[in-house]
Amino acid sequence: MPPTLEALPKGHEFPPTPLDLLSGWVQEYVSAVEDGAIGGLGEGLVPAMAVAALALRALLDSAKLPPGAIHLGQELAFLRPVHVGERLWVRAQVASRGERQGWILMDIHLNVGDESARPVMTGRATVTMPCPEPQPET
Amino acid sequence: MTEQDVRSTVLLAGSELAPVVKDLTQEKISRYAGASGDHNPLHTDAEFAARTQFGGVIAHGMLILAYLSEMMTAAFGQAWLSGGTLKIRFRAPARPGDTVTASGRVLQAEGGRTVCAVECRNQRGETLATGEAEVATGGLR
C-alpha cells in the first residue's frame, strides 16, 4: 500500500519511474483533452502536457493523493518534442512542505528524462491538502 | 519550416493568440481522470465534492493547463514542444457546465524569446488560471 502524499517529508525522493508513451494511452489522453492542435504538427508527436500528466500519474502510483487535495500552481519547461512509443523516466522530490491552519502546502519538483538521460521536461507542482485528522489515543 | 512555425514568426508584441474554447462536462472530467489516473473524488464524486469548500465537483487543474498548452501548440508549433515554459497559478475552479476559454497575448517578442500572458476564464468572465508562457522562437526567424 503506497503512503499518502501528506505523509511524505521534505526531501523525500520518489523512486525513478518509467513512463511508457504507449500509442493507446496517448490517444486516450488526446481524446480526453480534445487536443485539436497536436495532430497538425505531424504524426507521432505527444502533446507537451501529456508528458506532465503521465509523470504525475506515475507519482500517484507511489504516493496516494489524499481526498480533497488541491492543485494550486504549476510550472513546466518542455525541453524537446516527445514521440509516441518513447520510454521516459520521471524523478521527483518533495522540495518543500509546510503546515498552516490545518492545511499542508507542498512543492514537488519533477524531472523527466529519456533513456539516454537527456532532459525532456522539468516542472514544479504546488499542491495543498488537509492535515490528517489526529488519531484517537488507544 | 512548417506552416505553424511561419505563424509564430508574425506574432509581435500585442498580438492576441487564437483562443481555445471548451465546454466542460462531468463526462469529460471523468475521462480525464481515467487518462491521468487522478481519481481524486473532488473531480469525480458529486457527493464528496459537495461537502468540500468548493461545494461541488471541479475539473483537474491539469485539464485546464491542457487547453492552454493546446493554444500554445497551435500558435507556436514545435517551438512550444521543444522550448516552451509555462508558469500558472490556479485562481478559481472550473466546473461541469462551464465554457472555458484559454487565451493569450504576446507581451514581448525579442531576443529569440516570445513571452505571453495567458489565462483561462469561464463563461461568466471569472478568471480560472493566470500565468505566463514563454517560447524560444529565435531559431525560426
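1. Chain B has six helices and five strands, where helices (H or I, at least four residues) and strands (E, at least two) are DSSP runs, numbered from the N terminus. From that terminus on, the order of elements in chain B is α-β-α-α-α-α-α-β-β-β-β. Please keep in mind that this is a predicted model, in which local features need pLDDT of at least 70, side-chain atom pairs count only at pLDDT 80 or more, and totals for chains, interfaces and linings use all residues. Residues are numbered from 1 along each chain as its sequence is written, while chains are lettered from A and ligands numbered from 1 in the order in which they are written.

2. On overall dimensions, the C-alpha trace of chain B spans about 55 × 30 × 20 Å along its principal axes. Of its 141 residues, 45% count as buried, that is, with 20 or more other C-beta atoms (placed from the backbone) within 10 Å of their own. Among contacts in chain B between residues at least 6 apart in sequence, 67% join residues at least 24 apart; a contact here means C-beta atoms, placed from the backbone, within 7 Å.

3. Helix α5 of chain B (residues 61-76) deserves a look. Its 16 residues should span 22 Å at 1.5 Å a residue, and its end C-alpha atoms are 22 Å apart, which agrees; the expected span is 1.5 Å times one less than the number of residues. All of α5(B) is buried, 16 of 16 residues. After α5(B) comes B:G77, with a positive phi near 60°.

4. Now to the contact between the chains: 34 residues from chain B take part, and 35 residues from chain A. On the chain B side, the elements giving two or more residues are α2 (26-36), α3 (41-44), α5, α6 (78-81) and β2 (85-90). Of these, α5(B) gives the most, with nine residues.

5. Strand β2 of chain A (residues 70-78) and β2(B) run antiparallel, joined by five bridges; strands pair if DSSP finds at least two bridges between them. Within β2(B), B:R89 is the bridge partner of A:G73.

6. Finally, the largest nonpolar core has 78 residues, and A:V51, A:A55 and B:I64 have the most contacts inside it. Such a core is a set of buried Ala, Val, Leu, Ile, Met, Phe, Trp, Tyr and Cys residues joined through C-beta atoms within 7 Å. Its largest share, twelve residues, comes from α5(B).

How values were computed
Buried ≥ 20, exposed ≤ 12 C-beta atoms within 10 Å, placed from the backbone. Contact = placed C-beta atoms within 7 Å.
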